[in-house]
Amino acid sequence: MLSLKDTAACLGMTGTISVLDDFYGFIDPTLPPDPTGATVSVSLLRELNLLQGEYFHVNIIRVGSDQFTSSELDEVDYSVYRIRNIYATRGIGVGRVEHYVITTAEANGLDSPTKKSQLRKLTNEWTVPNNGIDFFLVHNMNIPSGPGILLGYSNVNGPCGDKSPGILQLSGSTGGLWGSEQTSRTAAHELGHYMSLRHKNKVPTNLMCQSGNASSIRNSVNLTSDQEDDVRDHCFVTDWC
Amino acid sequence: MNLYGDYISTEKFTVEELRTAALKGRGDLSPLLALRLLALKDYAEKEPDMRYVLQSPDADPGLRLTAAQSLASIGSDAARQTLLDALDLPDAVIVRGVVAALARIGGDEVLRRTRHLAPSVLNDTARVQMARAAYELNDEGFDLPKHGELPILDPSQFEMQPVPSEAVSARVFTKVLTDLELGGLRLNPDKEARLKLKCKGGDLFVVLDKSLKAEGVETLGQRRRVVGVVAEFEEVETEQWETAYHILTQPSENDRLDIYVVSEGGEIAYAGQGKTSGKQLNFTIRAINRPGAHAAVIEGVYQDGQIQLTSITVSTQRQQRRIPQRG
């Protein structure tokens, strides 16, 4: 197995590496609180093992970044923690988690979208030019859709390369802030879409069941072996290390 | 490539469950999620609940913005007055949200009260949102830039490809209108002037106002108008159309008129000019130069209630996009 230093170098991290912020990708270099009060723990050994296999990188872009409170930053970190845990159940790692910001002024209204078309504009106007999936975490997302609301939105099988799809498509995944448990499930769900997974609304324990049909926001995060295969086939899933 | 979303329905919860979570912070749902779901319910205390949240200085800004949007949807005199009163709140983020909500309501008093707000509140997108309300009433103020002042994206820099358009059946048109009316469509749709564009990743649908045919294109040179909307259809699962753009016109020089295609979010996305000749309007519209935009050239003719796009080309590549800061 590669050392932490070698693995970090393989992921493109240079200089002094802090385990919790650089390697795990937490904004606050402490473990995020679990909303139920349960103990949160991480295993460096597990992450190093996962990164010997296939993994994907994520760019978390906070939209309306100056509006995020400290508890909302905890929500972001808890999402990173949950995304790692959910995909680890199928042996898929999460490589670099990089954080980016779009301030309220820069967002020019896109921090408070009320239409799906505004999410599309957001992802098509901004991008991180690297090989990670752009996940836009939007501070004031409020998009009614039918008798409910949209929690997140993404392409199914999103683009790689320059992340530039068709004129009416999204260049990244998007989600809002809904409380730690819901935000993290939606983030993992939307990344699943980007990596080609479709909905499984008849399986309420599956991650790809929409939250409104899921049996539990906390526990409905299963992935099948077929879904694992689909994720592994996505162009942003790699095994470089 | 399809677009899918995570979704939660308000039907899963009672009003009391949502009120308890949203207003008292008790329950499994976060107050924000609960309030956004509550805003979709119809119940007697909805307007006072939303007023209470909007006026609570210590409430989370996301809750207050949700309340402002909900009050705009309620649209009653009391809701409008609550929003107008909120223009005097000290928090610029909240007031910007209130302005966006008021733009959805429109009307003389809204325009009068918002016309002279400070630029920090009435930013570019808010001005465009208000322009839509002003153009609907042909009210003064909130002028959009003249065509020559807009940064048009030069299509000659890009490889361009044609986009097909097609006529649409009455059944599809009925579905479009049903969806748009659910979303608060504020025009009287002309069922004859319908057109669909097949874009990569979804469809666009042009819906024009009946008054254009009734009054004739020659009247476009006399006053500012909202002549139609562009709806889009992108999510395969909900299969719903939503309004993406509004089409605004204003008289220009030499018998021409300026045409603007503005987004719901308050951005001029496309602009062009038209020239009337008798009962016929010839027009050309191009994309505005902004990060991530596709260049586009749309040429067409409108006459006697019939719209025909003679040429539509869109670039295969996007304009350079913006890169967010690390943080």
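How much area do chain B and chain A bury between them, and what percentage of it lies on carbon and sulfur atoms?

1. Chain B and chain A bury about 5,700 Å² between them, with 50% of that area on carbon and sulfur atoms; buried area here is the accessible area (1.4 Å probe) that two parts lose on being put together, summed over both. This is a predicted model, in which local features need pLDDT of at least 70 and side-chain atom pairs count only at pLDDT 80 or more, whereas totals for chains, interfaces and linings use all residues. Residues are numbered from 1 along each chain as its sequence is written, chains are lettered from A and ligands numbered from 1 in the order in which they are written, and side-chain values use heavy atoms, with hydrogens and water left out.

2. The contact (heavy atoms within 4.5 Å) draws 61 residues from chain B and 71 residues from chain A. Between the two chains there are 6 salt bridges, a salt bridge being a side-chain nitrogen of Lys or Arg within 4 Å of a carboxyl oxygen of Asp or Glu. The side chains of B:Arg326 and A:Glu98 form a salt bridge at 3.7 Å, N to O.

3. The elements giving two or more residues to the side of chain B that touches chain A include strand E1 (2-9), helix H2 (31-38) and helix H4 (61-74) of chain B, where helices (H or I, at least four residues) and strands (E, at least two) are DSSP runs numbered from the N terminus. The largest share of that side, 8 residues, comes from E1(B).

4. Within chain B, the axes of H2(B) and H4(B) come within 9 Å and cross at roughly 5 degrees, the axes being lines fitted to C-alpha atoms, for helices over the stretch in contact, with angles from 0 to 180 degrees between N-to-C directions. H2(B) and H4(B) are therefore roughly parallel to each other (angles under 35 degrees count as such). In this pairing, B:Pro31, B:Leu32, B:Leu35 and B:Arg36 of H2(B) meet B:Gly62, B:Leu63, B:Thr66 and B:Ala67 of H4(B).

5. Helix H3 (residues 46-54) and helix H5 (residues 77-86) of chain B have axes that come within 10 Å and cross at roughly 5 degrees, which makes H3(B) roughly parallel to H5(B). From H3(B), B:Glu47, B:Arg51 and B:Leu54 meet residues of H5(B), among them B:Ala78, B:Thr82 and B:Leu83.

Definitions and conventions:
Parallel < 35°, antiparallel > 145°, perpendicular 65-115°, else oblique.
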